[in-house]
Amino acid sequence: QHRVHGDLIHATMSEFRWKALESNPDVLNAFAHSVGLPETYCFSDVFGLDEDLLAMVPQPSHAVILLRPGGLKGKIHRDVYTGPKNPWYMTQTDSLGNACGTIAMVHAMANHLDELSIGEGALRTFVKASAALNKDERGAAFDADEGVRTLHNACAAEGQTEQPEDEEDVAAHFICFTCVDGELFELDGRMPGPISHGPCDDTLRGAAAAIRKYFMEPNPDAVNFVMLSLG
């Protein structure tokens, strides 16, 4: 199966400190387990939005990661969340060029540290250290974390497809969907903040409905959507 890399977008050479990550569960799991996710949890492919395909995904799902193709023309405006709930979120700063896949994984895991039994390691250490920072400061701190970057690049190098050339424009982008305090949030480091999709008691099906409504239906000719579930 052809795998897509995320977010290579005319970056400067400094941005290639973060290599493009392949949308391959093995690659995502290698990173997630290296930063503290127990082996009992993993990312797996979601092969479609129909119920029979969703039923094949390990349950319960704690988060869904979408890799959406670049160049989507059909867009529906979504307001940034300003309510009382506080999903853990960080900005994908410009210097984090190709780190969107890792940022999506961090969003997925950081909002469920205890629920996922995240052990002591790079992720829990970073979340604790950045607790008092705002979203932009977290992005800058993440970019400066050489330990996490080294793990990211080592996992990116394990992908099945060749790394894109630096000057290519891939523009595919990873986004996380996860429920926090009973509400489904879209966590995209390139957006101004979290986006709420309302009450949710089933992360997988809630995310599937949001992806269908806001990404697939407005872009019926778009291909290469990839979805992965953390469960």
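Residues are numbered from 1 along each chain as its sequence is written, and side-chain values use heavy atoms, with hydrogens and water left out. Because the model is predicted, local features require pLDDT of at least 70 and side-chain atom pairs count only at pLDDT 80 or more, whereas totals for chains, interfaces and linings use all residues.

The secondary structure of the chain comes to 7 helices and 6 strands, taken as DSSP runs numbered from the N terminus (helices, H or I, at least four residues; strands, E, at least two). Along the sequence these elements follow the pattern α-β-α-β-α-α-α-α-β-β-β-α-β. The strands form an open sheet of 6 members in the order E1-E6-E2-E3-E4-E5, with antiparallel pairing, where two strands pair if DSSP finds at least two bridges between them. Strand E1 (43-46) and strand E5 (195-199) stand at the edges, each with a single partner strand, so one side of each is left without a neighbour in the sheet. On average, neighbouring strands of this sheet are turned by 25 degrees against each other, direction ignored; axes are lines fitted to C-alpha atoms, for helices over the stretch in contact, and angles run from 0 to 180 degrees between N-to-C directions.

Helix H1 (residues 25-34) lies across E1, strand E2 (63-68) and E6, and runs at about 155 degrees to E1. The loop between H1 and E1 holds leucine 37, which counts as buried at 3% relative accessibility (buried, under 20% relative accessible area; exposed, over 50%; partly exposed, in between; 1.4 Å probe, protein chains only). Leaving aside neighbours within four places in sequence, leucine 37 is in contact (heavy atoms within 4.5 Å) with Ala32, Cys42, Met109, Leu116, Ile118 and Leu230. The C-alpha atoms of leucine 37 and leucine 113 are separated by 8.7 Å, although these residues are 76 apart along the chain.

For the chain as a whole, buried residues make up 55% of the 231 residues. Among contacts between residues at least 6 apart in sequence, 74% join residues at least 24 apart. Helix H3 (residues 100-110) is mostly covered, with 11 of its 11 residues buried, among them His107 and Met109.

Grid points are joined across faces, edges and corners, and a volume is the space filled by probe spheres set on the points. The count comes to 2 cavities of 30 Å³ or more, and the largest cavity has a volume of about 50 Å³. Its lining includes Phe31, Val106, Met109 and Phe126; H3 and helix H4 (122-129) are the elements that give two or more residues to this lining, and H4 gives the most, with 3 residues. The largest pocket holds about 340 Å³ of space and is lined by 19 residues, of which Arg68, Lys75, Arg78, Met191 and Phe215 lie nearest its centre.

Terms used:
1 Å grid on protein atoms, 1.4 Å probe; cavity = no way out; pocket = protein on both sides within 12 Å on 5 of 7 lines; lining within 4 Å.
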